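This briefing covers two ligands and the residues around them. Look at the sequence and structure first, then read the points below.

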Amino acid sequence: MLSGTSVALRAGARRAVRRSASILPATGPARCLAGRQTSFAIAGMSQQRRAYAVTTNPNPPLGKKNATNETPSRIGLIGARGYTGQALVELLNEHPYMDLRHVSSRELAGQELKGYSKRKVIYETLSPEDVARLDKDGEVDCWIMALPNGVCQPYVEALDQGKSNSVIVDLSADFRFNDKWTYGLPELVKRSKIAQSRRISNPGCYATGAQIGLSGALDLIEGMPTIFGVSGYSGAGSKPNARNNVEVLKNAIIPYSLTSHVHEREISHQLNHEVAFVPHVAGWFRGITLTLNIPLRKEVTSRDIRQIYQDRYAGEKLIKVVGEPPLVSSIMGRHGVEIGGFAVDSTGKRVVVIVTIDNLAKGASTQCLQNMNLALGYAEYEGIPVM
Ligand SMILES: NC(=O)C1=CN([C@@H]2O[C@H](COP(=O)(O)OP(=O)(O)OC[C@H]3O[C@@H](n4cnc5c(N)ncnc54)[C@H](OP(=O)(O)O)[C@@H]3O)[C@@H](O)[C@H]2O)C=CC1
Ligand SMILES: CC(=O)N[C@@H](CCC(=O)OP(=O)(O)O)C(=O)O
């Protein structure tokens, strides 16, 4: 079926397998947002602190054995010129089964796509009607929408009108509050649900880091957590705007959307718990650091809370729990999330947790690829260099 490309796809498969060799060793119980409550005792802890409500993970990562598809999938990428689009091209180039067929950009139309070696692909300007036609002709199995907020709707409508059964993963915020779409955060949402979905809304970058950072202690939170976030300027996209002006960012960080940022609503909605989120942008290119200030309903020690997070995320290949506060410089270009710090104040009822995440990787493209893998029937981490 793929004729000339199959050799390249197989070579990609070998590279991906080689890279996947450096997997984070992790075993033991893990918890999930939607999990059931059990009692959990930490060896050596005092009686008072012993019985935390810990949830075992009913939703472990789907391994190779759950992946049934060995047929390549044909991919269309709308918004391929942008930062997240380019990060996806890089990942798809190394994936054993993803076959990128169509890339859309108004600015680069007619030029050859760089950084993709499996086949020659030329940028096109694809309108919603073009996309619907290609879909009807059975040329694409999965559409990725890497477009600015508010631009995707006509594409989705055109595909819906054509009764498209293709998978759509949208990176924008447009469908994150739409019940007909699945919110694709595999570590926190039922993986089996993502695997059965055709319409997947990829979470926001800060929102991914913050939810992973808060979910470790969700049962223990009482009151409103505050989240202080600082993003590299690639988070503001490639089109020049007030938040990606490197001159302004030279000796400053820019605070913006100090109340009611869309990710504040997204985090609160998904966790069913109100949070306050204050975003900033800084002079580095990629990577986010989040400081989570979390009020607790009972006393803990730093060691207890770290252990709770370790158990909660054991088995998750893209989440690493560490002792020291992680640095954003260490997460740049890597595919997961690091969580650390765990400083507890003198009352024992407030913990400060630090989360780092690469906005273009786990904050966008890597998470998109996890969702594509699940929905297209491949192993969840196929083509993803794990932490
Ligand atoms: N950057 C980040 O860290 C993250 C971004 N996201 C979300 O992902 C999406 C893409 O972000 P990002 O890659 O940074 O954005 P960019 O601004 O870098 O790229 C936007 C892309 O969309 C295309 N585009 C822009 N306007 C239109 C239009 N009206 N019609 C058709 N195509 C258009 C552009 O190509 P051309 O102009 O050539 O057509 C370009 O390829 C956004 O919704 C963003 O919120 C999510 C998580 C993280
Ligand atoms: C630094 C910066 O500007 N970051 C972007 C977040 C990028 C992201 O995840 O955006 P969406 O939720 O729109 O997909 C912002 O605050 O809007």
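Ligand 1 sits in the largest pocket, and the space taken by ligand 2 is the largest pocket. A pocket is an open set of points on a 1 Å grid over the protein atoms alone, where a 1.4 Å probe fits, with protein on both sides within 12 Å along at least five of seven lines; a molecule sits in it if more than half of its atoms lie within 2 Å of its grid points. This is a predicted model, in which local features need pLDDT of at least 70 and side-chain atom pairs count only at pLDDT 80 or more, while totals for chains, interfaces and linings use all residues. Residues are numbered from 1 along each chain as its sequence is written, ligands are numbered from 1 in the order in which they are written, and side-chain values use heavy atoms.

**Ligand 1**
- Around ligand 1 there are 27 residues (a heavy atom within 4 Å), and the closest include Arg81 and Ser105.
- Oxygen atoms of ligand 1 lie 2.6 Å from a polar backbone atom of Leu147 and 2.7 Å from a side-chain N or O atom of Ser238.
- The protein covers 86% of the 890 Å² of accessible area that ligand 1 has on its own (Shrake-Rupley method, 1.4 Å probe).

**Ligand 2**
- Ligand 2 has 14 residues around it, with Arg176 and Tyr256 among the nearest.
- A polar side-chain atom of His263 is 2.4 Å from an oxygen atom of ligand 2, and one of Arg243 is 2.7 Å from an oxygen atom of ligand 2.
- Alone, ligand 2 exposes 430 Å², of which the protein buries 86%.

Definitions and conventions. Polar contact = N/O pair within 3.5 Å; in protein donor to acceptor, adjacent residues only side chain to side chain. 1 Å grid on protein atoms, 1.4 Å probe; cavity = no way out; pocket = protein on both sides within 12 Å on 5 of 7 lines; lining within 4 Å.
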